[in-house]
Amino acid sequence: MRILVTGADGFVGRYLVQDLVKRQHHVIGGVLHSNVDLADANETVCFNITDNHEVDDVIDKLQPDGIIHLAAQSMVGTAWKNPAETLLINTIGTTNIVRSVSQFSRDTKVVTIGSSEEYGLTGKLGRALVEIDPCLPQNPYAISKFSAGLMAIQLALKDEINVVHARPFNHFGPHQRQGFVVSDFASQIAKIEQGLSAPIISVGDLGAQRDFTDVRDVIYAYILLLEQEVETGIYNICSGEPHTAREILDIMLSNTQVKIDVQIDKAKFRPSEVPLFIGSAGKLMQAVGWSPKRRFEDSIVETLNWWRNQ
Ligand code: GDD
């Protein structure tokens, strides 16, 4: 297939491009800045997803078989600081891609990327969330992804194109930048071990439970959703196992020789934090036969080791 991956130079994008190329797809890496080095992609195209004319030009010219639309403002904290920009990138950007496909390249299948954050307060039900559960998003990032998904699905149904809105729960792995819980903890521990900072780790809310999956399992789900025939709709991607940030910290602390004190920093707590998100990937498993392969603890240690080598 000829596949356009937007946000191809991001954490998830780089893994995805590599795996798609390995599977013999022709990959066009969509990036915002022309100076990006994307050696793994077959081609690179530079455009801004918030500019509908640029999006129309690219999609009309490329006529890809599939698009995996990763480009996004992906941080919950940043979204509180820049809610309008987050809506512009995540909601309007997704709208531009889907609208352009329905106008200029109707046979293109689109995978849009949502988030477990879309469920918001519904997470409090305390059971594995399914796609038909109501969404009550509690922060600007969650609102931007929820409205992006609603828009994508409604346009697809109206214009009879094929759009899959993937809802990944938390994912992590080597190469993820700081600002996410696993990389924040691992990067600090690696620095302490190298004597570059005092043996104190600063952490946020250790109690919230999230459903974590290794990024390489998540991208495999995106690939299957694109390669196989799948009905327009929403698909959770998750392991079904909740873990607290405290568990992540404990795994890392039991894998270091250094004695590290833990300092809780209230400034790192989030406004209106939902205490629990667990998902059911049953719909995805049934549709494409996906299940996560990597063990949570192994992936945490592998990510810590990656930071040790930076
Ligand atoms: N980042 C961070 N840093 N989070 C911390 C820390 C810390 O030092 N200490 C505790 N946490 C808690 C957060 O409060 C949150 O409850 C949890 O750890 C997970 O935080 P993140 O890994 O930063 O992820 P996120 O849930 O905000 O967002 C990620 O997951 C979403 C899917 O649920 C992002 O990858 C989103 O793009 C994605 O959609």
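Is threonine 213 buried or exposed?

1. Threonine 213 is buried, at a relative accessible area of 2%; buried stands for under 20%, exposed for over 50%, and partly exposed for what lies in between (1.4 Å probe, protein chains only).

2. This is a predicted model, in which local features need pLDDT of at least 70 and side-chain atom pairs count only at pLDDT 80 or more, while totals for chains, interfaces and linings use all residues. Residues are numbered from 1 along each chain as its sequence is written, and side-chain values use heavy atoms, with hydrogens and water left out.

3. Strand β10 (residues 213–214) holds threonine 213; strands are DSSP runs (E, at least two residues), as are helices (H or I, at least four), numbered from the N terminus. Leaving aside residues up to four places away in sequence, threonine 213 touches Asn170, His171, Phe172, Val218, Cys238, Ser239, Trp290 and Pro292 (contact: heavy atoms within 4.5 Å).

4. A polar side-chain atom of threonine 213 is 3.4 Å from the backbone nitrogen of serine 239. Cysteine 238 is 25 residues from threonine 213 in sequence, and their C-alpha atoms are 6.1 Å apart.

5. The ligand is surrounded by 22 residues, each having a heavy atom within 4 Å of it. Nine residues of this shell are nonpolar, six polar and seven charged. Helix α6 (residues 181–193) gives the most, three residues.

6. Oxygen atoms of the ligand lie 2.7 Å from a polar backbone atom of serine 74 and 2.6 Å from a polar side-chain atom of glutamate 273. Of the 710 Å² that the ligand exposes when taken alone, the protein buries 95% (Shrake-Rupley method, 1.4 Å probe).

Technical notes: A polar contact is a pair of N or O atoms within 3.5 Å; within protein, one must be able to donate a hydrogen and the other to accept it, and residues adjacent in sequence count only if both atoms are side-chain atoms. Ala, Val, Leu, Ile, Met, Phe, Trp, Tyr, Cys and Pro count as nonpolar, Asp, Glu, Lys and Arg as charged, and the others, Gly among them, as polar.
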